[in-house]
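Subject: Structure handover

Hello,

Here is the structure we talked about. Please open it alongside this note; what I found follows below.

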Amino acid sequence: MGLFRRNKNNKKPLIRQIIDLVPRWLLDSCTSTYQTDKGCSKYKTYDQLVALTFGQLNKCQSLNDISAGIGVSEVFIEDLNLKQSPARSTMSDGNKKRNWQVFESMYYRLLSHYKTVLKKHHNAHIIKEIKNKSVKLIDSTVISLCLAMFDWAKFRTAKGGVKLHAAWDDMLMIPEVVNISEAKVHDRYGLEQLVFPKDTIVVEDRAYFDFALMLNRITAENVFVTRIKSNTTYETLEELELPEGTDQHILKDEIIRLTSNKAVETGISEHKLRLVHVYKEDENKVIAVITNQLDWEYNTIAELYKKRWDIELFFKAIKQNLQVKTFWGTSENAVKSQLYVALICYLLLELIKRTVAKMPTAFSNLSEKIRFCLYHYLSLHYVCNEVREGVRKVTSKKQRELIFEKNLFSG
């Protein structure tokens, strides 16, 4: 059986161990809610989850790659708890017809199921002044599509795309809310929920700079930390004193009032706001960050805005390590199914990285190890902690005798 050899300690290939992190009752509940197995005799929701997960973790370029990859061995097929390897046409129909919302629901249910564990093992940078406060990072990223093939996803005149909107929970270090829209949808309208429970801190870029939204958050007792637009008019009510000789990156800290006609119309002009000017040495530019929090240390405001990098790293991680650039179907349903399974894979890999890996490891390194070992009957613990770069010597005294077969090309 070669590579596909079960051993006494582990009778499941690595990919099956990862898929089994999705509890069967949870999968069955999502399937039942959306009736995605109704009238289906072969390629069920579980089968599609296996196929798409394999494609994600192995970064398959096509449905043919997925079909051939799963079908390399009967032992492998059986140990994935499948009755047969999926055909390309079957997977294509499933991607087109099976409701993508079953995978969306699966992602949120998994997030809820593992919430306590993820929080316990997070490694977010803690800002002392706001310790134990709820922090949400809001942002989006565009995923380009070929307009000729994805005509429903028109973005610009000759370009297509979808936009992944996300609200990142700082303590979970996972997207808590996700919405997939056409790329032309403005960031401000990409998420239904932009106002949160009392005392929530919301950090975002200037795409979300909106007077009405600011006012709604003040009413809800949210704290917003947002980059101000360069053409915003305001008057300085007070310039706060900065200590000399320290924190040279903070150029100015002031209490302001917005003065434009629109600010007056919405009523935001009646509220005092704060503007902290931060110098970013790596980019050689000044960032002006606006907030409704008047009392915190200026460094707290600067560090909060810097936290936006965490959600940027998330977007970078899924684009580089999972399959979200090449799609296995052209319908909206197929694209959304693939993206939500990518999010499921990201969640499961983060769970493994935080709980199984003994040493700190980069998401990209773990993804690479997983990809190398998908077919192997190795434990998650072994893959995370024993598989590493560098030369590895055979330590067993009993070397296997090499058997040289006849050279097929010798004539």
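First, a term: angles under 35 degrees count as roughly parallel, over 145 as roughly antiparallel, 65 to 115 as roughly perpendicular, and the rest as oblique. Axes are lines fitted to C-alpha atoms, for helices over the stretch in contact, and angles run from 0 to 180 degrees between N-to-C directions. Helices (H or I, at least four residues) and strands (E, at least two) are DSSP runs, numbered from the N terminus.

This is a predicted model: local features need pLDDT of at least 70, side-chain atom pairs count only at pLDDT 80 or more, and totals for chains, interfaces and linings use all residues. Residues are numbered from 1 along each chain as its sequence is written, and side-chain values use heavy atoms, with hydrogens and water left out.

**Helix packing**

Look at helix 3 (residues 45-57) and helix 13 (residues 332-355). Their axes come within 9 Å and cross at roughly 70 degrees. Helix 3 and helix 13 are therefore roughly perpendicular. Helix 3 makes the contact (heavy atoms within 4.5 Å) through Leu52, Thr53, Gln56 and Leu57. Helix 13 brings Ser337, Gln338, Val341, Ala342, Cys345 and Leu349.

**Cysteines**

How many disulfides does a search of the whole structure find? Zero, where a disulfide is a pair of cysteine sulfur atoms within 2.5 Å. Cys345 has its closest cysteine sulfur in Cys60, 11 Å away, so it is too far for a bond. For Cys30, the closest cysteine sulfur is in Cys345, at 15 Å, again too far. Buried means under 20% relative accessible area, exposed over 50%, partly exposed in between (1.4 Å probe, protein chains only). Cys345 is buried at 3% relative accessibility. Cys30 is buried too, at 0%.

**Positive phi**

Most residues other than glycine have a negative phi. Asn132 has a positive phi, near 75 degrees, and is not a glycine. Asn132 sits in the loop between helix 8 (115-120) and strand 1 (135-145). Is Asn132 buried or exposed? It is exposed, with a relative accessible area of 73%.

Met173 also has a positive phi, about 55 degrees, without being a glycine. Its place is the loop between strand 3 (159-169) and strand 4 (174-182). Met173 counts as buried, at 13% relative accessibility.

Best wishes
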